[in-house]
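Open the model in your viewer and keep the selection panel at hand. Each stop below gives a selection and what is there.

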Amino acid sequence: MSGGASRREGLNIVVFINVTFPSQVVLNVGLCIALHDIVSLEDSYIFPGDGAAHTKVKFRYVVFRPFIEEVMVGKIRSCSREGVHGIDYRHFTIRCESIRFRVTAESFVETSPSGPDSSERASSDTTTEETKVPYTLTGSINEPGLGLLAWWAN
């Protein structure tokens, strides 16, 4: 294979990875942010009856997954009697003040679609399925130095 074809294949793989993973939660890994680099590319294979090139790729990816007990800053999206919901770390659509909190727990939930079994098919018209959140952080502000940043300005 010529050098130009090899570079083109590598670029196609980078594009595929960049389209597939950003903003996706990988179970027990975290929230995918961006491709860092490709470590290695192995030979491509085309399987009979498939027509697609299959290439084993090792790559490193920037992933958001804070450590338990890590102190972070975010913005509150909403709150209720049950607590604060949806701290946004990107600060895009939030109108509330910034808050400093300590991560106390994390939860991953499998959200892949699965086919309905026979009992679910009969009742699928009458029930609405809850939206599953694939990755949830639980935090606390019940310590000195935590809470609204405005509290600690001075």
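**Stop 1**

Select aspartate 37: at 23% relative accessibility, it counts as partly exposed. That class lies between buried, under 20% relative accessible area, and exposed, over 50% (1.4 Å probe, protein chains only). This is a predicted model: local features need pLDDT of at least 70, side-chain atom pairs count only at pLDDT 80 or more, and totals for chains, interfaces and linings use all residues. Numbering runs from 1 along each chain as its sequence is written, and side-chain values use heavy atoms, without hydrogens and water.

The term means a side-chain nitrogen of Lys or Arg within 4 Å of a carboxyl oxygen of Asp or Glu. Aspartate 37 sits in strand β2 (residues 30–46) and arginine 60 in strand β3 (residues 53–64), 23 residues apart. Strands (E, at least two residues) and helices (H or I, at least four) are DSSP runs, numbered from the N terminus. Arginine 60 is partly exposed, at 44% relative accessibility.

**Stop 2**

The structure holds four salt bridges. Select glutamate 106 and arginine 65; their side chains pair at 2.6 Å, N to O. Glutamate 106 is in strand β6 and arginine 65 in the loop between β3 and β4 (71–80), so the bridge ties together parts 41 residues apart in sequence.

Next, pick arginine 102 and glutamate 143. Their closest N and O atoms are 3.0 Å apart, in a salt bridge. Arginine 102 belongs to strand β6, glutamate 143 to the loop between β7 and β8.

**Stop 3: the cores**

Select Phe64, Met72, Phe101, Val103, Phe108, Tyr135 and Leu137. These seven residues form the largest nonpolar core. Such a core is a set of buried Ala, Val, Leu, Ile, Met, Phe, Trp, Tyr and Cys residues joined through side-chain atoms within 4.5 Å. β6 (98–108) and β7 (135–140) each supply at least two of its residues. β6 gives the most, with three. A second, separate core has five residues, including Ile13, Ile17, Leu35 and Tyr61.

**Stop 4: tryptophan 152**

Go to the segment after β8 (147–148), where tryptophan 152 lies. Tryptophan 152 is partly exposed, with 42% relative accessibility.
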